[in-house]
Amino acid sequence: MSSCVKVTNLSPTAQRQDLEDFFTFCGAIKDVQISKDGDVQQALVYFVDNESVTTALLLSDAIIVDTPIKITEGPPQPAVPTTTTTTTTTQEKGVAESQQTTQQQAQERASVEGAPPATDDPPPAHAPPATDDPPPAHA
């Protein structure tokens, strides 16, 4: 089902606000488009959800301004293509490259010195601090 209704036999004096006021009770309105051909007006009312259309269709023959209107299901609103664009600034690229270089340098130093590679992870909470002192003697 479309989320749009077509309103025909619309009074030539009807305004967008008249339509919005009339159809708001059916549900949230996304858009109202009025077209005029001489003294004849018609409109497309787009709702946020399809359930609103069901309610709006029940209002055919109601009067807006001074004329009984006809309401039918309208065409579907053209789909707007959705695209996601990710923009990385030069500064962000520089920070990422700097972090990567720092990590590589730390790994290289660790492999040369024979130590395990450095990580950003904190030591486990249960591990005792590393010291070169012998453990205390028990009496």
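Which residues of helix 1 (residues 16-23) are buried? In this predicted model, the buried residues of helix 1 are Leu19, Phe22 and Phe23. They cover an arc of only 85 degrees around the axis, which puts them on the same side of helix 1. A general rule of helix geometry applies here. An α-helix has 3.6 residues a turn, so residues three or four places apart point the same way.

The buried residues of helix 1 pack against several other elements. Among the strands, the partners are strand 1 (4-10), strand 2 (29-37), strand 3 (40-47), strand 4 (63-64) and strand 6 (70-73). Helix 2 (51-57) is also a partner.

Aromatic rings were examined next. A pair of aromatic rings is described by the distance of the centres and the angle of the planes. The count comes to 2 aromatic pairs. Phe22 and Phe23 form one of them, with 4.9 Å centre to centre and 80 degrees between the planes. This pair is edge-to-face.

Phe23 also pairs with Phe47. The ring centres of Phe23 and Phe47 are 6.2 Å apart and the planes stand at 70 degrees; planes over 60 degrees apart count as edge-to-face, so this pair is edge-to-face. Phe23 lies in helix 1 and Phe47 in strand 3, so the pair ties together parts that are 24 residues apart in sequence.

Both Phe23 and Phe47 are buried. For Phe23, the relative accessible area is 0%. Buried means under 20%, so Phe23 falls in that class. Through ring pairs, Phe22, Phe23 and Phe47 are linked into a cluster.

Key
Residues numbered from 1 in each chain as written. Predicted model: local features only at pLDDT ≥ 70, side-chain atom pairs only at ≥ 80, totals over all residues. Heavy atoms only, no water. Buried < 20%, exposed > 50% of the residue type's maximum accessible area, 1.4 Å probe, protein only. Helix = DSSP H or I, 4+ residues; strand = E, 2+ residues; numbered from the N terminus. Arc of directions from axis to C-beta. Contact = heavy atoms within 4.5 Å. Phe/Tyr/Trp six-rings, centres within 6.5 Å; stacked < 30°, edge-to-face > 60°.
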